[in-house]
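Me: I am new to this structure. Please show me how to read its features, one at a time.

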Amino acid sequence: SNYWLTTILLKKNSAIDKEKLRLHLEIDNIESRPLWKPMHLQPVFKDCKSYLNGVSENLFSRGLCLPSGTNMTEKDLRRIVRKIKELYEV
């Protein structure tokens, strides 16, 4: 298995956005971060040629990287899932 990166995509125009979820997880010391910012949106590349179709912007606007790794336990996984579900059950 590849445990390198686990992500979640949130629904468009949902009341719960990636920042709200990130902050909710942070309360329980669960680290998460936005998906990588597309290169064409980074200031250093602003004047570079790019070929765009909206996919990278869409993923960046809705995506969050979640904890993952070979040292995660089943207990860790259940705690993360429970915390995410908690936000949706409010």
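**Reading the fold, step by step**

Reply: Start with one pair. K83 and D28 form a side-chain salt bridge, with N and O 3.4 Å apart. It links distant parts of the chain: K83 sits in helix α3, D28 in the loop between α1 and β2, 55 residues apart.

The model is predicted: local features need pLDDT of at least 70, side-chain atom pairs count only at pLDDT 80 or more, and totals for chains, interfaces and linings use all residues. Residues are numbered from 1 along each chain as its sequence is written, and side-chain values use heavy atoms, leaving out hydrogens and water.

Me: What is a salt bridge?

Reply: Side chains of opposite charge can pair when their charged atoms come close. Here the term means a side-chain nitrogen of Lys or Arg within 4 Å of a carboxyl oxygen of Asp or Glu. The structure holds 5 of them.

Me: Which residues does K83 touch?

Reply: Contact means heavy atoms within 4.5 Å. Leaving aside neighbours within four places in sequence, K83 touches H24, L25, I27, D28 and I30. Take I30 next. I30 lies in the loop between α1 and β2. I30 counts as buried because its relative accessibility is 3%. The contacts of I30 include P67, R79 and I80, again leaving out residues up to four places away. The C-alpha atoms of I30 and K83 are 9.0 Å apart, though 53 residues separate them along the chain.

Me: How many helices and strands are there?

Reply: Helices (H or I, at least four residues) and strands (E, at least two) are DSSP runs, numbered from the N terminus. The protein chain has 3 helices and 3 strands. Their order from the N terminus is β-α-β-α-β-α.

Me: Which side of α3 is buried?

Reply: An α-helix has 3.6 residues a turn, so residues three or four places apart point the same way. In α3, the buried residues are I80, K83, I84 and L87. They lie on the same side of α3, because they cover an arc of only 95° around the axis, taken from the directions from the helix axis to the C-beta atoms. They pack against β1 (6–9), α1 (18–27) and β3 (63–66). On the other side of α3, E74, K75 and R82 are exposed.

Me: Which residues join into one network of salt bridges?

Reply: Look within helix α1. E19 and R22 meet in a salt bridge, 2.7 Å from N to O. They are about one helical turn apart, because 3 residues separate them in α1. E26 also bridges to R22, with the closest N and O atoms 3.0 Å apart. E26 and R22 are 4 residues apart in α1, so about one helical turn separates them. E26 is partly exposed, at 46% relative accessibility. Shared partners join E19, R22 and E26 into one network.

Me: Where does W36 lie, and is W36 buried or exposed?

Reply: W36 lies in the loop between β2 (33–34) and α2 (55–62). W36 is exposed because its relative accessible area is 60%.

Key
Buried < 20%, exposed > 50% of the residue type's maximum accessible area, 1.4 Å probe, protein only.
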